[in-house]
Amino acid sequence: MDRARASLTGTSTSGERPILIVSSIRKAFGPTRAVRDASFDVRRGEIHALMGENGSGKSTLVKILSGVHVPDSGTITVGGAERWSFTSPNDALGAGVATVFQEVLAAPNLTVLDNLWLGADGLFRTVQGRRERQRLAKSVLAELLENPPELDALVGDLDLSDRQACAIARAMLRNPLLLVLDEATSALDFDTRTRLFAMLRARVADGVGIILITHRMDEVREIADRVTVLRAGETVDTLDGDAWTIEELVRLMTGDAHLVDTAATPEATRRTPGAPVLEVRDLRVAADSSPVDFTLHAGEIVGLAGLEGQGQDAFLRALAGRGANGGSVVRVAGDVRTPLSSPSVSHRAGVAYVPRERRAESIFDWMSIVDNFATPTLTADRRGGLLSGRAASERFAEYRALLRIKLGKPSDGITTLSGGNQQKVIIARWLAASPHVLLLNDPTRGIDIGAKRDLYALLAELAAKGLAVVMLSTEVDEHLELMDRVLVFSDYRVSAEFTHRDVSREALVASFFGDEQVTA
Amino acid sequence: MNASSPPQPLRVSGPSGVWTRSVALQKRIPLLQIALLIIAFVVGVTTLPGFGGPQSIVSVLMIAALAGLASVGQTLTILVGGFDLSVAGFIVAGGLMVTQVADVLAIGFWGALVILVPGAMILGGVVGYLSHRFAIQPLILTLAMGSFVVGIVRGPTGQSVSGQAPEWLTAMAAPISKTFGLPIPPILVLWVIVIVGMAIFLRRTVGGRRIYLTGANPTAASYALVNTRRVWVLVFGISALCSALTGVVLVAYSGNVDPNLGNPYLFSSLAAVIVGGTVGGGPGDYTRTVVGALLLTVVTTVLVGHGLTSADQQIMYGVVILIAMAIYGRERRISDRV
Amino acid sequence: MMTSVPARILRKHTFIFALGLSVVLLLVNVLIQPTFGWASQLASFAPLALVAMASAPSIISGRGGIDISIGPVMTLCAIVFVGYLAPAGLGGIEALPLVMLLGGAIGTLNGLIIIWLRLAPIVVTLGMYFIVIGINLKLAPSPLRLDDTSWATSLAGMVGPLPGPLVSISIPLVIWGLLGLTAFRRNLYAVGGNDATAFTAGVNVSAVRVLAFAIGGVFAGAAGVVLVGLVRTADASSSTAYTLVAIAAVALGGISLAGGAGGIIGGLFGALAIFLVQSVLADTDLPQTWLPAVYGALLIASVTVGAIVSRDHTRRKQ
């Protein structure tokens, strides 16, 4: 509350009381504290940018502001009316907060008109007559789009940019006091984005407050009056419109704490890369993106970095033989060249892929630890036609030691393990297939430091023995410490490449935001 | 902590404490069901004359065996994440094939069986394939297939349904029959063989393990290189086959076939699996289903002895299904799906 | 990409396929059997049409929405009408809204269990299916006979100047039409298409889903009275007869089982197509025993085709 009052002394278009005050919001999901302490305010007629790295708590905060989640504690004050929180999206909308979400949430089976007015009605009650709706819808769409779609077109037929425009228009039509745009420009094409900003400026002149969550520095520079930075679930600072530099923002977003001691991995243990094991030529990560060429060598650890959804995930999956838009991914083993056309071909060629979402894509939650381990390699446990639990346990014991997995008994349920240990079991699962190439999709997300360190040591050890590793990571420190090379993805192409020698925190993070390389 | 997405809530969400912990234990061993079974048995013995006698026990076991055999396929389909409502249809089709059709087409019992076995597997397999490939509710496809299979079997036999089982088959099923000189009816022996076979198959073979994996997490199973489509095709094929063969056994037991022969077994197969505690997508196994079948049979017999009508039975099945699903099978909140 | 003109028409008016099929079958019918007997055919068709339309709202509401208990509920309402309301002096036209209310209450119960316990609709309505069948057997252990002078028989004959069946069929159509004048139908389709989107936009998703099941139950109640008017008996063992056919009709009528598409008109035309198939088969001397095979095959085919079509649609959603 005090910080909010203090910031009122800054310059603003129309002083008075803020239109939104967020005070000491906390939200935990089980053991995960998504938001630890968020406090900031938004003034009338202000465009307030909210920035932070992956995992800083931004999307949870947005969900709280939009009424999807209820915070554990804290208050939200909208237009002077203080309340504990919103109980539902309907409640938030009623209080004057309209949100446009990151995942374009449009109803594809409805017409444009119905999409724009979605939720504005009651259960039965219609708030606007048909003609009035059409008029208002047309006017908002014309403001936002140069070629607005017909009102009776099905939204499912529109392209992604127009669909996002519909979501934005829907929020506008609610005449909100506060408009929250969560990465709402990510799918818009350039013209629409320009028109959107003009529209935002017009609304702001009428006193509407706007929260803009974006990772594009140029947008923040262009349009934001103030910037609040979130890191690890906390609002670290609020900076004034003109009074910040990229360096400062980056420092606030990433913090000074290092997770892994830099001295721990001396330069001397850097491996020299061996023979090529994977060759990627002309790979297009998305339909219209620039082609990517890439060669992976034995004993190399390559990091894939960048902000959420910039193409690194799709690239990694393409390396695993899971879909590519044109181009080729070839496994090279001596003279044998195998195009990786499907997951099973990749597996046989010695490429193992550890998926990203542990819960959704790797864990069989009611099964035991050893059963989770043995899955892709079941045939190795056959004794006389039947599966032998003992054989599986013996195989597992080897990896348990190698990965230092902390557990009770192998027959315990996998959910008794901590996240870090679960992840180790999954990695053991794939190591048991004796791969030559190990592809890891954000393996250390949400796991404790001890488990991370174990994993880093293991990967370095395996790489020294010739394993090639490609690891997508959302953690800057991993890229700094572990990787021989780092590929940065932005807009579905490799926008920068660093070697271990020339990578630095500031340069790396700056490259995420598509800005010029910043000197350390 | 750099977690950027909340961990997905467990499938059974609810207030923590005694309830959740009891549920957790209950998920590992069907203690509740066994306890209820013992209670029901004791109630039966004390309130119904002759209930505890060997004759009565054998006949209760035989009824349970028939329900149990009908539930083999159901167990598998529920483990993989579906349901099988074609049990009734395949039972009738199986029964009709070996009686009427065998007569009308003059192919005899074994001739009919030669058509029945691959036929059932293929039709079941089609259901599994369509269901997996096009993401269609297996419940609806199996309902339709059940109807379809009755139709194509009854077609050649015409309106009248008057099948008679071959004598040797009926003899095998009589409660007083013997197996190799032991005073145990062959149907029970068959059931025991099936129980053991299923236990080995599910727990100790690669195929059985793949069924569990596919049901537990189809996405992860696919990443772990399980061909989930093949699993679905095989599971539904096997289920159809088991139902058809149960129809054959049933015909032996009851002597004739009528078009509604299968319906009670559909209900009881669903109820046996659900009461036994096998959840959609696992965990569970056929042994649980056996406990469930025994429990339901004993309870039903006792209640019938006290005046329970078939109407009451239906209501009981429905309520039991709802309660069991409320314990075992709840879904995620909408706010966690945004 | 399905943006060609015929594909777009198909998507906007998903019942077109069933309509076309019906027209063809009608012609075939008339050709085979010149003495078509419109009046009695319509009367036989009406209960089927109503029960199919009753199945539609729950399916449109999405998230695996389906109501398997519609068949038994229809029979329950018939039994209550003949066996309890009529003898109590409430057998006049006032019985219609009463049993519709009963059907609606059971539908509401289904919806509430689904929402509160967060269970899959297919399982909840399956449990309710058994429960209602049991209740039917208890209430009517043997078939109950309708008094021949009851007004309900006019539904199978003439209601004033109009054919009774047309009046019956128009009941759900009128109700659905009235709902279309409110925001409810828009909300229903939004929830069926993507409930997370509707939720974040402020729609009361729970209320919409419960009401969808309630409306289905109301239609089922009307179906029960219409059935009784036709066959003059309320028979507990007919509980299961219409379930399969109702689902087949809905699938054939272009109502995607994934939700958010189609309308009760689709249920109507789907039912019409199925009815005409049965009629054609009857004319061709094919034994009744083949019918289940035809229904089964038809359901499998229509559900598969429906899934393929809606899959194309969803795939472009990105």
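Visitor: What should I know before I start?

Guide: The model is predicted: local features need pLDDT of at least 70, side-chain atom pairs count only at pLDDT 80 or more, and totals for chains, interfaces and linings use all residues. Residues are numbered from 1 along each chain as its sequence is written, while chains are lettered from A and ligands numbered from 1 in the order in which they are written.

Visitor: What span does helix H4 of chain C have between its end C-alpha atoms?

Guide: Start with the general idea. Helices (H or I, at least four residues) and strands (E, at least two) are DSSP runs, numbered from the N terminus. The expected span of a helix is 1.5 Å times one less than its number of residues. Now the case: H4(C), residues 70-90, has 21 residues and would span 30 Å if straight, yet it spans only 24 Å.

Visitor: Where does H4(C) bend?

Guide: A bend at a residue is the angle between axes fitted to the seven residues ending there and the seven starting there. H4(C) bends by about 40° at Tyr84(C). A proline, Pro87(C), follows within four residues.

Visitor: How many residues of H4(C) are buried?

Guide: Count C-beta atoms, placed from the backbone. A residue is buried if 20 or more others lie within 10 Å of its own, exposed if 12 or fewer, and partly exposed in between. In H4(C), 15 of the 21 residues are buried, so the helix is mostly covered.

Visitor: How do I read phi?

Guide: Most residues other than glycine have a negative phi. Asp282(A) has a positive one, near 55°. Asp442(A) has a positive phi too, of about 50°.

Visitor: How many residues of chain B are in contact with chain A?

Guide: Two residues are in contact if their C-beta atoms, placed from the backbone, lie within 7 Å. Here 24 residues of chain B touch 34 residues of chain A. On the chain B side, H9(B) gives the most, with 5 residues.
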